[in-house]
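My entries follow in the order in which I looked.

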Amino acid sequence: MLPVLAVMVIACGAPGTDGGNGGNGGNGGNGSEESQAGAPDPDGGNDGNGGNGGDPGDVEQLANDLEPPNATESNRMTASGALIVAWTSTDSVDSLESFYDDKINDLGLLLGKSSAQGIHTWVIGNEDGSGPQGGVTIGEDGSGGTSVTVTLGVSGG
């Protein structure tokens, strides 16, 4: 499962710094927002007040939205706008598959889904490439629970 995560992190890329789309958590800045001191904001409003569709806060919020039920967080890693969160849930794989089918569809983020040998993976994001992109992977953890990994990042602008 680790090679899948590495591929997903690489595919997500690093955060962009231009002033594109507003994303899930930004307010639609244009990348030229000025700071309180009156100087141009060096990251183009990428602080939740402008946004480029790549606000790291969007990644955190989406990860929180995708937290599985009856789960304990086992690992969290962040780097350059990317986030990987792992949980262990007491819910069955079948129950969590249904949960994520519904949750991802409700969020309007389903780009694709695959299932093989008891492992289910959803590729998620906005079709236009704005906002967080990534994936959700679930499978048995070997001790009667279900392992859930959410990998998210923002694409360059």
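Before reading any strand partners I noted the rule for pairing: two strands pair if DSSP finds at least two bridges between them. Helices (H or I, at least four residues) and strands (E, at least two) are DSSP runs, numbered from the N terminus. The model is predicted, so I kept in mind that local features need pLDDT of at least 70 and side-chain atom pairs count only at pLDDT 80 or more, while totals for chains, interfaces and linings use all residues. Residues are numbered from 1 along each chain as its sequence is written, and side-chain values use heavy atoms, with hydrogens and water left out.

**Entry 1: the strands**

I began with β2 and β6, which run antiparallel and are joined by seven bridges; here Ser89 has Thr146 of β6 as its bridge partner. On looking up β5 (residues 132-140) and β6 (residues 146-154), I found them paired in the antiparallel sense over nine bridges. The hairpin of β5 and β6 has five residues between the strands, and in it Gly142 takes a positive phi near 90°. I then followed β5 to β4 (residues 119-124), to which it is joined by five bridges in an antiparallel arrangement, with Val123 opposite Gly135.

For burial I used relative accessible area, where buried means under 20%, exposed over 50% and partly exposed in between (1.4 Å probe, protein chains only). Eight of the nine residues of β5 are buried, so the strand is largely enclosed by the rest of the structure. In β6, nine of nine residues are buried. In a regular strand the side chains alternate between the two faces of the sheet.

**Entry 2: Asp91**

I located Asp91 in the loop between β2 (82-89) and α3 (93-107). Asp91 is buried yet has no salt bridge, and Lys103, the nearest side chain of opposite charge, is 13 Å away. For this I counted Lys and Arg as positive and Asp and Glu as negative, leaving out His and the chain ends; a salt bridge requires a side-chain nitrogen of Lys or Arg within 4 Å of a carboxyl oxygen of Asp or Glu. With neighbours within four places in sequence set aside, Asp91 is in contact (heavy atoms within 4.5 Å) with Pro69, Asn70, Leu96 and Thr146.

**Entry 3: the aromatic rings**

Rings of Phe, Tyr and Trp (its six-membered ring) pair if their centres lie within 6.5 Å, with planes under 30 degrees apart counted as stacked, over 60 as edge-to-face and the rest as tilted. I found two aromatic pairs in the structure. The rings of Phe99 and Tyr100 have centres 4.9 Å apart and planes at 80°, so this pair is edge-to-face. The rings of Tyr100 and Trp122 have centres 5.7 Å apart and planes at 45°, so this pair is tilted. Tyr100 lies in helix α3 and Trp122 in strand β4, so the pair ties together parts that are 22 residues apart in sequence. Phe99 is partly exposed at 24% relative accessible area, whereas Tyr100 and Trp122 are buried.
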